[in-house]
Amino acid sequence: MTLPNLAPIPELYVSYESAQKLKHEAGNLVSWDLTPRQICDLELLMNGGFNPLKGFLSEADYNGVVEEMRLADGTLWPMPITLDVSEDFAGKIEPGQDIALRDQEGVILAILSVTDKWVPNKANEAEKVFGADDLAHPAVNYLHNTAGKVYLGGPITGIQQPVHYDFKARRDTPNELRAYFRKLGWRRIVAFQTRNPLHRAHQELTFRAAKEAQANLLIHPVVGMTKPGDIDHFTRVRCYEAVLDQYPAATTTLSLLNLAMRMAGPREAVWHGIIRRNHGCTHMIVGRDHAGPGKNSAGQDFYDPYAAQELFGKHQAEIGVEMVDFKQMVYVQERAQYEPRDEVEEGATILDISGTELRRRLAEGLEIPEWFSFPDVVKELRRTRPPRAKQGFTVLFTGFSGSGKSTIANALMVKLMELGGRPVTLLDGDVVRKHLSSELGFSKEHRDINIRRIGYVASEITKNGGIAICAPIAPYMATRRAVREMIEAYGAFVEVHVATSIEACEARDRKGLYKLAREGKIKEFTGISDPYETPEKPELRIDTEGQDVDTCAHQVILKLESMGLIGAV
């Protein structure tokens, strides 16, 4: 490995004077409000983190990346970096046009000179980039259910960085890190990529990696978008800062990376390597199941545990960063120390706590031993993730109109209020329509908007320690999943499928809605002229036929009790 070239790398920003002039001119351009993921991508395009890219991929570059992991000119690049937009917006744009790119507050960050506009084959992108067109993969779900249908490509003119109000002293551009390494005389730097808090196994892994590579250590956690359900970056950064004292200050530094991860396993590892090269690193730790998203729809791991190491090793010279590969670290009780799993002799007592087990212990308020983590880290995690009985949570009832959702939800609300301890809010479909969504109709798009509004309000209630009970029809799986992800960032989400048959719902229809739907007088009616996508794995399924309301509500109470969300009744 040659010594790093720590000279500045190209950025896409113009000078301050040019930026002020461009900002004024860009005020008259058609503008696109960037999504959170697009803001992450744009920042790393502009500051050189995605060098050699000069903007969002053209169609030719996109095709090369998807099929061969290479740009049209043959340069290694594994991840499509595209500006996805809605069909309506794309209809107003033609190649040769400039558009302003704004953040969510309306501030102009850059100008995109559009060279390409196309409708991608998303199923093919999912297969080639993520290994399967499987909605269990968070990035595939994003691709099909969140990303716009049309891609725009072209070079970027950077006007200003996205504004971050948090942890400013910890955020460094590639050139700022390169300058820091030059100043300290660091010539070999090993990067540790992480999206999780650091525990003692990680500390031992990074110590060993730095020693093996005879390098200084850059702890380089992702604080952009990670996997839904991950611990928020505010908590994680406080955990990193709590652990930093365990490292020698002269040989270790911490810097935050505003990257939107795709959880693409092997391809993601190569991508992370290129990004770390741009930040001045010579080495990178590639662990077991690097950037893996977990299980697929069949309950199998998406990627082989060592596939990322294999692909990285194959392209190591071209990436320009040397891989430091490490196996799983485990605690050996007899020696009271961490060692690589495959080096521990048979018969030794191995202690390990998985991520799932850690979450269970946090949820139930159980002990987390000092051999596993640092007391300061556990303290931070407990502040953010109190035991489940002290967390807010949401119960979402879903089912056909007339299935009994609202009636059970009302009974559940009363039972929870009787228990006391947390405020309870009922977000019934009809009530929400009146107060939150009175301007919406009943098209698929409007019903989606209505459910997402309910999800947003429920997530705020959950975040603040309350209980939200929601009883919309919520017919679409993708929307229910989006609501689940929104809420699980703050507490538990309990999906209850009220599985009353369509025939029973129609028979008890007091409002005559099904009759009107059958006559075609109500369009897009769930179960008649519009589909209901049955939940595959709800926390609870209830059939109200032959059961009274109190029994149904009590089933939910028992489920909440079994999940540790309420005390024994």
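**Close-up views of strands and sheets in a predicted model**

View 1. Buried here means under 20% relative accessible area, against over 50% for exposed and in between for partly exposed (1.4 Å probe, protein chains only). Strands (E, at least two residues) and helices (H or I, at least four) are DSSP runs numbered from the N terminus. This is a predicted model, in which local features need pLDDT of at least 70 and side-chain atom pairs count only at pLDDT 80 or more, while totals for chains, interfaces and linings use all residues. Residues are numbered from 1 along each chain as its sequence is written, and side-chain values use heavy atoms, with hydrogens and water left out.

**View 2. The neighbours of strand 8.** Strand 8 runs parallel to strand 9 (residues 216–221), and 6 bridges join them; two strands count as paired if DSSP finds at least two bridges between them. Gln193 has His220 of strand 9 as its bridge partner. Strand 8 also pairs with strand 11 (residues 283–286), in the parallel sense and over 2 bridges. There, the bridge partner of Val190 is His283.

**View 3. The β-α-β unit and helix 8.** Strand 8, helix 8 (residues 200–213) and strand 9 make a right-handed β-α-β unit. Right-handed means that, with the strands pointing away from the viewer, the path from the first strand over the helix to the second runs clockwise.

**View 4. Strand 4 between strands 1 and 5.** In strand 4 (residues 98–102), 4 of the 5 residues are buried. Strand 4 pairs with strand 1 (residues 31–33) in the parallel sense over 3 bridges, and with strand 5 (residues 108–113) in the antiparallel sense over 5 bridges. Ala100 is the bridge partner of Ser31, and in strand 5 the partner of Ala100 is Ile111.

**View 5. The hairpin of strands 4 and 5.** These two strands form a hairpin with 5 residues between them. In the turn, Gly106 has a positive phi of about 90°.

View 6. Strand 13 (residues 329–332) and strand 15 are joined by 2 bridges, and Tyr331 has Leu351 of strand 15 as its bridge partner.
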